[in-house]
Amino acid sequence: MIEIKLGTIAQTDRGAYIELDKEISSSEHEKLLKAISELHFYESNLRLLEMIILNNNELTDLANTGKDLVHNSLSFTGDKRAYYVHHLNMNRKFLNYLSSIRSFLDHIETNTKRRYGKESYKIQEFKKITGYLYDSYFAYRFLYKLRNYSLHCGLPIDDIELSVTKVGENSFRPEYKVEFDARELLANYAEWGPVKSDLKKMDKFSVFEVTNDMFPILTELWQKIMQLFEPELKEAISYITKETGHLRTDHNHVSIFTNIIYENDSPRYFTNQIIPYDIIDSILSELNSK
């Protein structure tokens, strides 16, 4: 029978200090692992959401460099290479943004199916959430469809306008526009679904208006996802803290130890899994802030 024990690891001036606690059964071990997997599911989803935010921030930062190009009179000097590189980077970063949104949605759906079943209440509720957002917000359904467009038809951002207009004797007004062309999008792709009627009402429209509109939608989506999985998260946290909370201090990591080999009655070799109390703290902070 494999020995499984709870314990702690603390870093001291002399190195790692390990202290073993009580032995647990294989069934208790499995329950802890299942609870930990709930926490990791949350963390994985959160990381993907944060990836979307980082990609969005990079787009905004790149737009600021584009404005600098205008102020540096790019339109006067005719620096085509600088424009080409900027155009390339704008599309590259925007594709990263699109991909991260799709990855976020697909990851949650796929893993929810694996965890709860393809016809489970959880997956049905998740589809209701995404269906509601698709029906309610142009930015959501447009970006969802634009991901498919970019895979099959080319770069989503066709043109970036850099110009300077003379408004006085020695005064100029710079303009920087990154826009979608609705007519081009419609001409190049036939699978827009309900987005087709949206695009027919539009001409050119700002990329950043869409991404700005998407931010509160993502916030709403995350809040609904948290509500959907809140019972399982609370149950997991409750079980973990009940079984291991007595071991936790500010200076150690609570762990599960297996495959323990002793030397002089002290654990010399072992496999350990740290219980992610940092994730627990993050979840509780988010739940308590509602």
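Biologist: How many bridges join strand 1 to strand 6, and in which sense do the two strands run?

Modeller: Strand 1 and strand 6 (residues 253–263) are joined by 5 bridges and run antiparallel. A bridge can also be read residue by residue: in strand 6, G7 has S255 as its bridge partner. Keep in mind that this is a predicted model.

Biologist: Which residue is the bridge partner of G7 in strand 2?

Modeller: That partner is L20. Strand 1 (residues 5–12) and strand 2 also pair in the antiparallel sense, here over 7 bridges. T12 stands opposite G15 of strand 2.

Biologist: How many residues lie between strand 1 and strand 2 in their hairpin?

Modeller: There are 2 residues between the strands of that hairpin.

Biologist: In what order do the strands of the open sheet lie?

Modeller: The sheet has 4 strands in the order 2-1-6-7, with antiparallel pairing. Strand 2 (15–23) and strand 7 (266–274) are at the edges and have a single partner strand each, so one side of each lacks a neighbour in the sheet. On average, neighbouring strands of this sheet are turned by 45° against each other, direction ignored.

Biologist: Now the helices. At what angle do the axes of helix 3 and helix 4 cross?

Modeller: Angles over 145 degrees count as roughly antiparallel. The axes of helix 3 (residues 80–116) and helix 4 (residues 121–136) cross at roughly 160° and come within 9 Å. The two helices are therefore roughly antiparallel to each other. Their crossing is left-handed.

Biologist: Which residues of helix 3 and helix 4 meet?

Modeller: From helix 3 these are L105, I108, E109, T112, K113 and Y116; from helix 4, they are K122, I123, F126, K127 and T130. The residues of this contact divide into 5 nonpolar, 2 polar and 4 charged.

Biologist: Is F126 buried or exposed?

Modeller: F126, which is found in helix 4, has a relative accessible area of 1% and is therefore buried. Leaving aside residues up to four places away in sequence, F126 touches L105, I108, E109, I225 and L228.

Biologist: How far apart are F126 and D265, in sequence and in space?

Modeller: They are 139 residues apart in sequence and 51 Å apart in space, taken from C-alpha to C-alpha.

Biologist: At what angle do the axes of helix 8 and helix 9 cross?

Modeller: Helix 8 (residues 207–244) and helix 9 (residues 277–288) have axes that come within 10 Å and cross at roughly 130°. That makes helix 8 oblique to helix 9. Helix 8 passes helix 9 in a left-handed crossing.

Biologist: Which residues in helix 8 and helix 9 meet?

Modeller: In helix 8 they are W222, M226, E230, L233, K234, I237, I240, T241 and T244, and in helix 9 they are Y277, I280, I283, L284, E286 and L287. This contact divides into 10 nonpolar, 2 polar and 3 charged residues.

Conventions
Residues numbered from 1 in each chain as written. Predicted model: local features only at pLDDT ≥ 70, side-chain atom pairs only at ≥ 80, totals over all residues. Heavy atoms only, no water. Axes fitted to C-alpha atoms, helices over the stretch in contact; angles between N-to-C directions. Parallel < 35°, antiparallel > 145°, perpendicular 65-115°, else oblique. Left-handed = near helix turned anticlockwise from the far one by under 90°. Contact = heavy atoms within 4.5 Å. Nonpolar A, V, L, I, M, F, W, Y, C, P; charged D, E, K, R; others polar. Pairing = 2+ DSSP bridges. Buried < 20%, exposed > 50% of the residue type's maximum accessible area, 1.4 Å probe, protein only.
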